[in-house]
Amino acid sequence: MPRYYEDKPEGGACAGVKEDLGACLLRSDCVLKEGKSPRQCLKEGNCKALKYSFFECKRSMLDARSRFRGRKGY
């Protein structure tokens with residue numbers, strides 16, 4: 001499920017997780033069949049694993065220990 005782009009420039013710390021989350025939401029049945037916005041589908045609980053990974057990546061940016069251990073995620 002996660003994608004890694006070698007030729008793509010870096011867009012920030014959590015860019016890969018953010019892009020995968022957006023792609024997951026756009027491919028979900030909630031957006032395609034029900035016609036809802038991706039934001040509504042995210043609030044309803046679609047793509048939970050990627051949502052949690054994105055949250056953890058953002059949270060690790062605030063954690064002082066991440067300077068030594070590195071960021072979580074990809």
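**Notebook: disulfides, core and salt bridges**

I looked up C57 and found it buried, at 0% relative accessibility. I call a residue buried under 20% relative accessible area, exposed over 50% and partly exposed in between, with a 1.4 Å probe and protein chains only. The model is predicted, and I therefore note that local features need pLDDT of at least 70 and side-chain atom pairs count only at pLDDT 80 or more, while totals for chains, interfaces and linings use all residues. I number residues from 1 along each chain as its sequence is written, and side-chain values use heavy atoms, with hydrogens and water left out.

**Entry 1: disulfides**

I recalled that a disulfide is a covalent bond between the sulfur atoms of two cysteines. For the search, I took a disulfide to be a pair of cysteine sulfur atoms within 2.5 Å. How many disulfides does the whole structure hold? I found three.

C57 is joined to C14, with 2.0 Å from S to S. The link of C14 and C57 is left-handed, with -95° about the S-S bond. C14 lies in the segment before α1 and C57 in helix α4, so this pair ties together parts that are 43 residues apart in sequence.

I next looked up C24 and C47, which a disulfide joins at 2.0 Å from S to S. The torsion about their S-S bond is about -95°, so this disulfide is left-handed. The pair links distant parts of the chain, because C24 is in helix α1 and C47 in the loop between α3 and α4, 23 residues apart. I noted both C24 and C47 as buried.

The disulfide of C30 and C41 has an S to S distance of 2.1 Å. I read a torsion of about -90° about its S-S bond, so the link of C30 and C41 is left-handed. C30 lies in helix α2 and C41 in helix α3, so the pair ties together parts that are eleven residues apart in sequence. C30 and C41 are both buried.

**Entry 2: the nonpolar core**

I defined a nonpolar core as a set of buried Ala, Val, Leu, Ile, Met, Phe, Trp, Tyr and Cys residues joined through side-chain atoms within 4.5 Å. The largest such core has eight residues: L21, C24, L25, C30, V31, C41, C47 and L50. The largest share, three residues, comes from α1.

Leaving aside residues up to four places away in sequence, C41 touches L25, C30, V31, K36 and N46. Here contact means heavy atoms within 4.5 Å.

**Entry 3: helix α1**

I counted 13 residues in α1, which reaches 18 Å from its first C-alpha to its last, close to the 18 Å expected at 1.5 Å a residue. The expected span is 1.5 Å times one less than the number of residues. Which residues of α1 are buried? I listed V17, D20, L21, A23, C24 and L25. Their cover includes α2, α3 (38-44) and α4.

**Entry 4: salt bridges**

I reminded myself that side chains of opposite charge can pair when their charged atoms come close. My rule for a salt bridge was a side-chain nitrogen of Lys or Arg within 4 Å of a carboxyl oxygen of Asp or Glu. By this rule I counted three salt bridges.

E34 and K36 meet through their side chains at 3.3 Å, N to O. E34 is exposed, with a relative accessible area of 52%, whereas K36 is partly exposed at 29%. K36 also pairs with E44, at 2.7 Å from N to O. E44 is partly exposed, with a relative accessible area of 48%.

I located the remaining bridge between E56 and R59, whose closest N and O atoms are 3.1 Å apart. E56 is buried at 12% relative accessibility, whereas R59 is partly exposed at 46%. E56 and R59 are three residues apart in helix α4 (residues 48-62), which means that about one helical turn separates them. An α-helix has 3.6 residues a turn, so residues three or four places apart point the same way.

Finally, I noted that salt bridges with shared partners join E34, K36 and E44 into one network.

Definitions and conventions:
Helices (H or I, at least four residues) and strands (E, at least two) are DSSP runs, numbered from the N terminus.
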